[in-house]
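Trainee: I would like to go through this model term by term, setting each value against its definition.
Mentor: Go ahead.

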Amino acid sequence: MNSSQKRLLIVAGMVIAVVLALYAGLVISRLGKFKLEVVAAPHDSILTMDGQPLKEGVIYIAKGAHTFTAERQYFEKVIKKVDTVDLEKGQKLYLMPSASSEDAIKWLQEHPEVQQEREAAAGAEQEQIAAKYLKRYPILSKLPVENLHYKIDYSISNDQKVKLLITTYGVINGPADYPTYLQQTKEYRQEALDFINENGAKPSDFTIEYIPKIN
């Protein structure tokens with residue numbers, strides 16, 4: 001082996017060592033972190049995470065709570081607080097500044113392709129939220145359920161908390177029926193709670209809003 005070949009092997013070895021070191025550093029830097037894909041609409045929105053500039057795409061974040069923002073000219077700044085405990089593997093984070101001004105609405109009218117992207121992102125976000133909660137609370141796939149005594153439905157708040165809505169249908173024809181109505185309401189609420197228990201869920205896992213109605 002001549003000197004030129006030796007130099008070539010040395011250079012190649014150094015390049016490989018550098019590549020391996022960079023790869024190892026990348027792997028180490030991602031250990032213990034959560035992979036998250038950030039999607040912005042419009043794509044030229046200014047993004048931050050915990051006050052630091054952020055680019056759209058796949059990121060790796062430390063476990064725990066983080067605050068994301070997105071803002072753009074004409075649009076209202078959106079702020080989302082995220083805790084990795086509540087995230088699912090492969091989840092996307094959608095950041096869309098609100099089109100709450102006339103200028104923002106006009107801009108979207110002039111850029112219909114962006115409005116289509118926002119609508120698609122909003123739909124995908126809702127599907128993602130629904131899938132996450134169906135996985136966590138399978139009983140939601142059976143709701144709403146309704147009979148002559150009660151109806152059980154649910155809602156998901158902006159901060160992604162699940163609330164069960166239990167409506168009872170008591171019967172009252174006059175003041176004399178009021179005690180009976182109260183007893184019916186109590187019994188029908190218990191029937192609804194029994195349905196929840198019988199379908200593998202615990203009422204204590206949810207916030208429950210009771211809505212009494214009179215038939």
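Trainee: How much space lies in the largest pocket?
Mentor: About 770 Å³. The model is predicted, so local features need pLDDT of at least 70 and side-chain atom pairs count only at pLDDT 80 or more, while totals for chains, interfaces and linings use all residues. Residues are numbered from 1 along each chain as its sequence is written, and side-chain values use heavy atoms, with hydrogens and water left out.

Trainee: What makes a set of points a pocket and not a cavity?
Mentor: On a 1 Å grid over the protein atoms alone, a cavity is a set of points where a 1.4 Å probe fits but cannot get out, whereas a pocket is an open set with protein on both sides within 12 Å along at least five of seven lines. Grid points are joined across faces, edges and corners, and the volume is the space filled by probe spheres set on the points.

Trainee: Which residues line the largest pocket closest to its centre?
Mentor: Of the 30 lining residues, these are I129, S157, N158, D159 and Q160. Lining residues have an atom within 4 Å of a point. Helix α3 gives the most to the lining, with 8 residues; β6 (78-83) and β7 (92-95) also give two or more.

Trainee: Which residues of α2 are called buried?
Mentor: A104, W107 and L108, in α2 (residues 102-110). Buried means under 20% relative accessible area, exposed over 50%, partly exposed in between (1.4 Å probe, protein chains only).

Trainee: How do you know that they line one face of the helix?
Mentor: Seen down the axis of α2, the buried residues fall within an arc of 100 degrees, so they line one face. The arc is that of the directions from the helix axis to the C-beta atoms. The face turned away from the buried side carries the exposed residues E102, Q109 and E110.

Trainee: What is included in the cover of the buried residues of α2?
Mentor: The cover includes α3 (112-136).

Trainee: Which residues touch the most other members of the largest nonpolar core?
Mentor: Of its 17 residues, I139, L140, I152, I196 and F206 do. Such a core is a set of buried Ala, Val, Leu, Ile, Met, Phe, Trp, Tyr and Cys residues joined through side-chain atoms within 4.5 Å. The largest share, 4 residues, comes from α4.

Definitions and conventions. Contact = heavy atoms within 4.5 Å.
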